Amino acid sequence: MLTFLDFEKPIAELDSRVAELKDTARGGDLDIDHEIERLEAKSARMLKDTYSHLTPWQKTQVARHPERPHFRDYVAGLADEFVPLAGDRAFADDQAILGGLARIDGRKVMLIGHEKGSDTTSRLKHNFGMAKPEGYRKAIRLMDLADRFGLPVISLVDTPGAFPGVQAEERGQAEAIARSTERGLALGVPSIAAVVGEGGSGGAIAIAAASRVLMLEHAVYSVISPEGCASILWRTADKAADAAEAMRITAADLLSLKVIDRIVPEPLGGAHRAPAEAIANLKVAIVEELDLLAGKSPDQLRTARREKFLAIA
């Protein structure tokens with residue numbers, strides 16, 4: 001069953017009532033189809049109205065929804081073929097960042113992204129999408145490979161941030177993030193980054209320094225989480241909603257600030273309600289952006305990318 005967020009409780013109650021009426025109709029001779037249709041229409045209107053006026057904090061909750069599609073789901077929906085490549089050739093294979101050679105609508109690309117996992121076991125395996133230094137060094141290795149063979153780089157961003165543990169710091173977390181960001185900026189091939197859920201801090205920008213940066217409609221992208229910001233400014237995470245409002249972390253805000261280049265629409269009620277539709281929308285956007293970048297020389301791509309990021313106020 002669909003997991004409802006706190007602000008969706010009125011919708012959940014209506015849907016529950018509809019489910020009860022449908023069970024009643026199946027088990028007896030009562031003709032309540034009209035009542036069911038009326039409640040379903042009311043639920044749809046309520047859902048549309050709610051998602052038309054989401055606050056930044058509510059969008060954060062949608063971006064973190066446990067049933068939102070993750071990297072493996074996007075690979076299955078975007079790629080006609082996918083050959084995973086593992087390891088950083090230095091320390092280990094970090095499962096928080098996955099990547100490999102792919103074919104999208106006939107185009108050969110290098111596909112890289114954060115994977116959060118979909119249940120307790122997989123979330124622990126992928127460390128909730130929080131990469132360690134070896135994850136970013138894997139990304140660098142794959143970007144090097146893409147540059148060498150002239151393959152566009154597609155990156156899917158969905159992370160609360162880089163792993164903050166002592167072991168990661170001991171292995172050079174900051175240096176790995178900086179070098180991954182630098183490698184993305186220096187690519188001589190087209191690069192497209194899409195923030196599909198959370199875009200958290202350096203853990204996100206490490207694979208999002210791209211020619212074109214896209215965001216799903218209800219994704220968020222920020223230098224720190226709303227809770228982290230609130231803890232610093234107000235000494236309490238209870239002010240997270242206020243922090244989210246002040247930080248301007250939504251796709252609409254970031255498009256107006258020219259931090260991103262395009263918003264990809266989500267199905268009504270968020271990507272978690274219709275994952276296949278959300279993935280199809282992103283595929284259309286990626287293919288269109290690849291076509292726009294096709295034919296540009298490595299120097300043109302590097303210059304445009306440099307100017308794009310330097311122009312961000």
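Between which two helices does the loop that holds Asn 127 lie? Asn 127 sits in the loop between helix H5 (120–125) and helix H6 (133–149); helices here are DSSP runs (H or I, at least four residues) and strands are E runs of at least two, numbered from the N terminus.

A quick word on ground rules: this is a predicted model, where local features need pLDDT of at least 70, side-chain atom pairs count only at pLDDT 80 or more, and totals for chains, interfaces and linings use all residues. Residues are numbered from 1 along each chain as its sequence is written, and side-chain values use heavy atoms, with hydrogens and water left out.

**The H5–H6 loop.** Most residues other than glycine have a negative phi. Asn 127 is not a glycine, yet its phi is positive, at about 55°. Phe 128 is in the loop between H5 and H6 too, and its phi is also positive, near 60°. As for cover, buried means under 20% relative accessible area, exposed over 50%, and partly exposed in between (1.4 Å probe, protein chains only). Asn 127 is buried because its relative accessible area is 15%, while Phe 128, at 39%, is partly exposed.

**A surface patch.** Ile 232, Leu 233 and Trp 234 make up a nonpolar patch with about 320 Å² of accessible area together. Such patches take residues with over 30% relative accessible area and no salt bridge, with nonpolar side chains joined within 5 Å; a salt bridge is a Lys or Arg side-chain nitrogen within 4 Å of an Asp or Glu carboxyl oxygen. Trp 234 belongs to the loop between helix H10 (226–233) and helix H11 (240–247), and its 37% relative accessibility is why Trp 234 counts as partly exposed.

**The pockets.** A pocket is an open set of points on a 1 Å grid where a 1.4 Å probe fits, with protein on both sides within 12 Å along at least five of seven lines; lining residues have an atom within 4 Å of a point.

| Pocket | Volume |
|---|---|
| Largest pocket | about 310 Å³ |
| Second largest pocket | about 150 Å³ |

Of the 15 residues lining the largest pocket, the closest to its centre are Tyr 221, Ser 222, Val 223, Leu 254 and Val 259. Helix H9 (201–205) gives the most to that lining, with 3 residues. The second largest pocket has Glu 81, Arg 103 and Lys 108 among its lining residues. Strands E1 (81–84), E2 (97–104) and E3 (107–114) each give two or more residues to the lining of the second largest pocket.

How values were computed
Points joined across faces, edges and corners; volume = space filled by probe spheres on them. Patch = residues over 30% accessible without salt bridge, like charges linked within 9 Å, V, L, I, M, F, W, Y side chains within 5 Å. Areas by Shrake-Rupley, 256 points an atom, 1.4 Å probe, with all protein chains shown as cover.
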